[in-house]
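Try each task before reading its solution.

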Amino acid sequence: MKTAVKVIAINLIGILIILALYEGFLFALIRHPDLLRKCPMGLRNSVGYLYNNGDRRIIQFSPDCARFDENLGYTLKPGQCFFSGNEFSNTYRVNRAGLRDDEASLDHPEIIITGDSFAMGWGVEQEETYAQLLERRTGLRVLNAAISSYGTAREMLALRRIPTDRLRFLIIQYCGNDQEENLSFYLNGNRLNTMSEDQYRHYAALDARDKSYTPGKYLKMQIEKRVKERERKKSQASKPAGPDEVDLFINAVTQSGVNLQKVQLIVFTMNGRIADDNRAFPAALKKKIAGGNYPDYIRRMIVLDLSDVLKEMNFYVLDDHMNRSGHEIVADVLYQTLSR
């Protein structure tokens, strides 16, 4: 009997040591992302999830960089602020419209860039965003109207605040998580149902919580992630069928109230560094607009697939946003597209 208890105790101690070593391994990779870049993709994605959900701050809930907006939920806060992560530290200069650009760019822009944090330039300096790079290369007035976590519906409605009478090109960066907001917009009769000021303050308070390390933090998060994934699969299986994400995207664009009849639309997907995640939507969108009865500006939309030109080295390893080299590549593709 004593021998069995001893064996069980030794096994438990061994398991605890292994778990402690694994926790320490995760801790080291998050604190030293250069080491993580040498690891297999599966491990990188797993550690990136831990960082993004356990350590990272969110710019739209930072009181220094963002503010509540009753119609859009939030915008950036006019003025200047600093925002950083484990792999970057950047300055944001925000104009009176709450956008990461200068005041001059609000004066009847010829090109507008819209999208979420990828297009806004999360992780790079203002001059390094593909919006600014494109402005320098084309010589045209380009406005960066992208804001972190906006879906297509909000991105389009935000354009109502900007003079678009001289707009020639609207470049839309789509992300897979736009679908939820676009669906809400559709189900709400093509009206935006955004958060209240109390909800915004609640999310800001959650983001401001202490995110310092405590022993077992990352193992606990991995267990919680597995539980959430199972619950998500169950809820998705019970959801009724409805419009797909392409239909919801087109609806958000066409029902925005923005006059796009004389505007050339250019659309591409950005979901992060995994190439396969960026292929499906462009292919489905091309197929849909080729065979559908849509307004002329939708049928002549240019849809780009950047999955083959953007490589892992063009993204941060933890944060999963594009680094400076990624923005340079996107700017180059867009410039070539405009030239043609």
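Residues are numbered from 1 along each chain as its sequence is written. This is a predicted model, so to speak of local features takes pLDDT of at least 70, side-chain atom pairs count only at pLDDT 80 or more, and totals for chains, interfaces and linings use all residues, while side-chain values use heavy atoms, leaving out hydrogens and water.

**Exercise 1.** Find which residues line the largest cavity, and sort them by class.

*Solution.* Start with the term: on a 1 Å grid over the protein atoms alone, a cavity is a set of points where a 1.4 Å probe fits but cannot get out, and lining residues have an atom within 4 Å of a point. Next, the lining: Leu72, Thr75, Ala97, Leu99, Ala145, Ile147, Tyr150, Ala158, Leu159, Arg161 and Ile162. Then sort: nine are nonpolar, one polar and one charged. Here Ala, Val, Leu, Ile, Met, Phe, Trp, Tyr, Cys and Pro count as nonpolar, Asp, Glu, Lys and Arg as charged, and the others, Gly among them, as polar.

**Exercise 2.** Locate His108 and check its phi.

*Solution.* His108 sits in the loop between β4 (88-94) and β5 (111-114); strands are DSSP E runs of at least two residues, numbered from the N terminus. Its phi is near 55°, positive although His108 isn't a glycine.

How values were computed. On a 1 Å grid over the protein atoms alone, a cavity is a set of points where a 1.4 Å probe fits but cannot get out, and a pocket is an open set with protein on both sides within 12 Å along at least five of seven lines; lining residues have an atom within 4 Å of a point. Helices (H or I, at least four residues) and strands (E, at least two) are DSSP runs, numbered from the N terminus.
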